[in-house]
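Please look over the sequence and the model below before reading on. The text then goes through the salt bridges, the sheet and a helix.

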Amino acid sequence: MAEKFFEYKGRPLVRSGNTIYYGDMNDAYVVCLTIKNAEEYKDITHAGDITIQLLATDESLSPKERIVKKSEKKGLFTALDLGATWLERQLKKDA
């Protein structure tokens, strides 16, 4: 049976520790979100600063060559929304 992942805008979200991958690894690009720190608000811990990278999934490229775009944002939603926009535009551009 195939695994079911959380999704955002129809694409899978997979988290490992402080790293979240957004997109299908079978596509040409995915977004990598790295949570750099967390902030407390009352009883809730939420992501603070996040590094966003649009990455090519081509394994023949070096790790540096895979990075297409990079930015930093504050808050998970802002970072994920920007990453989703980058991913959608890049996938359409290369289609």
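Asp49 is partly exposed, with a relative accessible area of 27%; this class lies between buried, under 20% relative accessible area, and exposed, over 50% (1.4 Å probe, protein chains only). The model is a predicted one, in which local features need pLDDT of at least 70 and side-chain atom pairs count only at pLDDT 80 or more, while totals for chains, interfaces and linings use all residues. Residues are numbered from 1 along each chain as its sequence is written, and side-chain values use heavy atoms, with hydrogens and water left out.

Asp49 forms a salt bridge with Lys74, with the closest N and O atoms 3.5 Å apart. Asp49 lies in strand E7 and Lys74 in strand E8, so this pair ties together parts that are 25 residues apart in sequence. A salt bridge here is a side-chain nitrogen of Lys or Arg within 4 Å of a carboxyl oxygen of Asp or Glu. Strands (E, at least two residues) and helices (H or I, at least four) are DSSP runs, numbered from the N terminus.

Lys74 also forms a salt bridge with Glu39, where the closest N and O atoms are 2.8 Å apart. That pair links distant parts of the chain, Glu39 in strand E5 (residues 38-41) and Lys74 in strand E8, 35 residues apart. Glu39 is partly exposed, with a relative accessible area of 28%. The structure holds six salt bridges.

Strands E7 and E8 belong to an open sheet of six strands, in the order E1-E2-E3-E4-E7-E8, with antiparallel pairing. The edge strands, each pairing on one side only, are E1 (6-8) and E8 (67-74). From one strand to the next the twist averages 25 degrees, the angles being taken between N-to-C directions, from 0 to 180 degrees, of axes fitted as lines to C-alpha atoms. Two strands count as paired if DSSP finds at least two bridges between them. E3 (residues 19-22) and E4 (residues 29-35) pair in the antiparallel sense over four bridges, and Ile20 has Leu33 in E4 as its bridge partner.

Strand E7 (residues 49-56) is mostly covered, with seven of its eight residues buried. Seven bridges join E7 to E4, and seven join E7 to E8. Thr51 of E7 stands opposite Thr34, while Ile52 has Ser71 in E8 as its bridge partner. Thr51 counts as buried, at 10% relative accessibility. Leaving aside neighbours within four places in sequence, Thr51 is in contact (heavy atoms within 4.5 Å) with Cys32, Leu33, Thr34, Lys36, Lys70, Ser71 and Glu72.

Helix H2 (residues 76-93) has 18 residues and reaches 25 Å from its first C-alpha to its last, close to the 26 Å expected at 1.5 Å a residue; the expected span is 1.5 Å times one less than the number of residues. Which residues of H2 are buried? They are Ala79, Leu80, Gly83, Ala84, Trp86, Leu87, Gln90 and Leu91. What covers them includes E1, E2 (11-16), E3, E4, E7 and E8.

Glu88 counts as partly exposed at 38% relative accessibility, and Lys92 as exposed at 60%.
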